[in-house]
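Hi,

Here is the structure I promised to pass on. Have a look at it first, and then read my notes below.

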Amino acid sequence: MVSLSRLDIEELAEGYDVEAKQATGRDGQGELPKSFFESYSAMANADGGVIFLGIEEKPKGKFNATGIVIPERVLKSLWDGLNNNQRVSINLLTDKMVEVIDVQGKQVIRIQVPRARRSQRPVYVGQNPLTGTYRRNYEGDYLCDQETVKRMLAEQVEEVRDARLLENYGFADLDQNTFKAYRNHFKATKLDHPWLDLDDKEFLRSIGGWVQDRQTRTEGLTLAGLLMFGKLPSILEVVPNYVVDYQERLEQTTDTRWIDRVTTDGTWSGNLYDFYRQVIQKLFSDLKVPFKLQGTTRVDETPVHEALREALINTIIHADYTGRLAIQITKRPDMFLFRNPGIMRLPLEDALRGGNSDCRNRKLQKMFQFVGVGEQAGSGIPQIYLNWKRQHWRVPVLFDKVEPEQTILGMLMVNLLPEETLKELDERFGSSFRELSYDQQLALATVAIEGKVTHARLKSMTKTHPHDLTRALCGLVKDGFLESAGATRGTFYFFPGEQPDAEVELVAQNYRLVEQTNADNLFLNSVPNENSSDDLESSSDDLESSSDDLESSSDDLESSSDDWQALMAIATDVRNKSKVSTNIMEATILELCQDRFLNQKQLQELLGRSYHTLRLGYLSRMQKQGQLELRYPDKLTHPNQGYRTKNSSSSDF
């Protein structure tokens, strides 16, 4: 019999989804809990997990074995229920996935629930998927709404989502300039291809954009053909929630203002091919391209170009165009962010491993491949990771979220252990930092750069065994380098006293991936209707006026003003030194902020320190300790947030 300790289970829970149930029954001998199948459904419809029967979890994340006196009774009820389609829709378990183990000298049943394949979802309790489908998040099991269930059913039935015939949609619904540009691209890529001599209809049929129903003889555009080459009004008739959005931001902060944008605002065709053509050039602009020869031909692209192209194509071809969110691409000086509606069809491990493909929109995938864009099936994500690794940059972040359904890829152009970050950690922790193991230094650098670290994130950056990573993180907590919050797989680690203001996903330097203000909320919290182009235009106007208001409310200190020069003089000693003591830095910040609110950009310039040094190293902690007060205390992520020394006599400067 396998034996596990309480600590073994707690360590397991940090890397996997774990549920503990007492299962003692009324007589104390053992009984299958009524909630078991809800947890089974929830885990199967998410990423799988482990259910322990005979263990109490109290408090959250702490496990204590209560044991099962007669495990055979519980096992019989378990298998009877799994094989009864009146009780649960499908049995995903095998004998190897269910075992009786010893925990603290007591008998416990361990059940490994696998992630259901797309063709098996939804896994539901009872006979009605609309009322019995559950899904897992960090808070526990929740009942899915009907929209989510219907999307699962569609994913189950439709192997390819973009191949369906759109009756009564034809060439009048296509943007002819887009289609012509694609044909020219195809010709340039495949000079002697026999399809070059086909007329437009037969060419479109050959690439998957036109189809005929053999039974009814009805013919017309496929969904892929309309999305790739269509006019925006026609696309919105078929896919009402369709929005594509590219934003370029100047600063490495949470500032929501953008300096360049491409979105479905009615000023261009709005289709996917034109979106790709515009955005790929914007992603490539400003990339440093080294001079390189291949034979006698200059090579103008690097692995970074290849990775960005693959990330953009992946976002387009894997999107669920029936979802509630937009395709959104964000470019910043330090990172690229790609988001598409819809969760991954494959488990994350399979996507990273490569070799398998379950593309949601295979017709679109083929159309891009016909013009030489996009890797072969199953190789895109591994190629992105490999090309980023060649630059010695931090491992990309790839994950999905189930509410609302979305997949996010963050690609940060920062080294694993940047010298600047190491210096900041030396300043924060002294010589004790250099005495830590490599994995522990990597964990602390991740907190400094990304705001927090999790077991899963650390695991993605090192080949160290998960068990040893857990011990490394626990050691950092024990020695006072980090604090932790959350429980089981939701546990995250942060600098003492500097817990993130909200449990939101962070990719880099406190950049909010979800639930941002202004521009991001336009797409996250609203669903465009039939008049979405007009709505977007008016929303864009609102955004611009909102940004103007923010700018006018900020502390406008001109660099030539006497006040600014006085502040520069106060900060001279800190600004001219690469390292100062914590006491000197705090005293300087308090003097600068005396009787006035200063925002983060101003403090960065005055003190000559980076964003995460100030925000994560000083400002957040000093505010929580009562030394500083916020200009917008009810809006912690306000883009023009300011800091003022507490008990200053003046009002807003």
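Let me start with a pair of helices: α6 and α10 cross in the left-handed sense, meaning that the near helix is turned anticlockwise from the far one by less than a right angle (clockwise would be right-handed). Helix α6 covers residues 176-189 and helix α10 residues 272-284; their axes come within 9 Å and cross at roughly 65 degrees. On the α6 side the contact is made by Thr178, Ala181, Tyr182 and His185, and on the α10 side by Tyr273, Asp274 and Arg277. Contact here means heavy atoms within 4.5 Å. Sorted by class, that contact has three nonpolar, two polar and two charged residues. For the classes, Ala, Val, Leu, Ile, Met, Phe, Trp, Tyr, Cys and Pro count as nonpolar, Asp, Glu, Lys and Arg as charged, and the others, Gly among them, as polar.

Before you read on, some housekeeping. This is a predicted model, where local features need pLDDT of at least 70 and side-chain atom pairs count only at pLDDT 80 or more, while totals for chains, interfaces and linings use all residues. Residues are numbered from 1 along each chain as its sequence is written, and side-chain values use heavy atoms, with hydrogens and water left out. Helices (H or I, at least four residues) and strands (E, at least two) are DSSP runs, numbered from the N terminus. Axes are lines fitted to C-alpha atoms, for helices over the stretch in contact, and angles run from 0 to 180 degrees between N-to-C directions.

Now the sheets. Six strands make an open sheet with mixed pairing, in the order β13-β12-β16-β17-β19-β18; two strands pair if DSSP finds at least two bridges between them. β13 (260-263) and β18 (397-402) are at the edges with a single partner strand each, so one side of each has no neighbour in the sheet. From one strand to the next, the twist averages 10 degrees. β18 runs antiparallel to β19 (residues 405-412), and six bridges join them; aspartate 400, for one, has threonine 407 in β19 as its bridge partner. Helix α14 (residues 380-390) packs on this sheet, touching β17 (335-341), β18 and β19, and its direction makes about 25 degrees with that of β19.

There is also an open sheet of three strands, ordered β22-β24-β23, with antiparallel pairing. Its edges are β22 (598-599) and β23 (628-630), each with a single partner strand, so one side of each is left without a neighbour in the sheet. Two bridges link β22 to β24 (residues 642-645), and asparagine 599 has glycine 642 as its bridge partner in β24.

Five bridges join it to β3 (residues 49-53), antiparallel, with isoleucine 51 partnered by isoleucine 111 in β7. β7 also pairs with β6 (residues 98-103) in the antiparallel sense, over six bridges, and there isoleucine 101 has valine 108 as its partner. Two residues lie between the strands of the β6 and β7 hairpin, where glutamine 104 takes a positive phi near 55 degrees, although glutamine 104 is not a glycine.

In the loop between β7 and α4 (129-132) you will find proline 122. The peptide bond from arginine 121 to proline 122 is cis, with omega near 5 degrees.

Helix α5 (residues 146-157) gives the largest share of its lining, four residues. By class, the lining has three nonpolar, two polar and nine charged residues.

Happy browsing!
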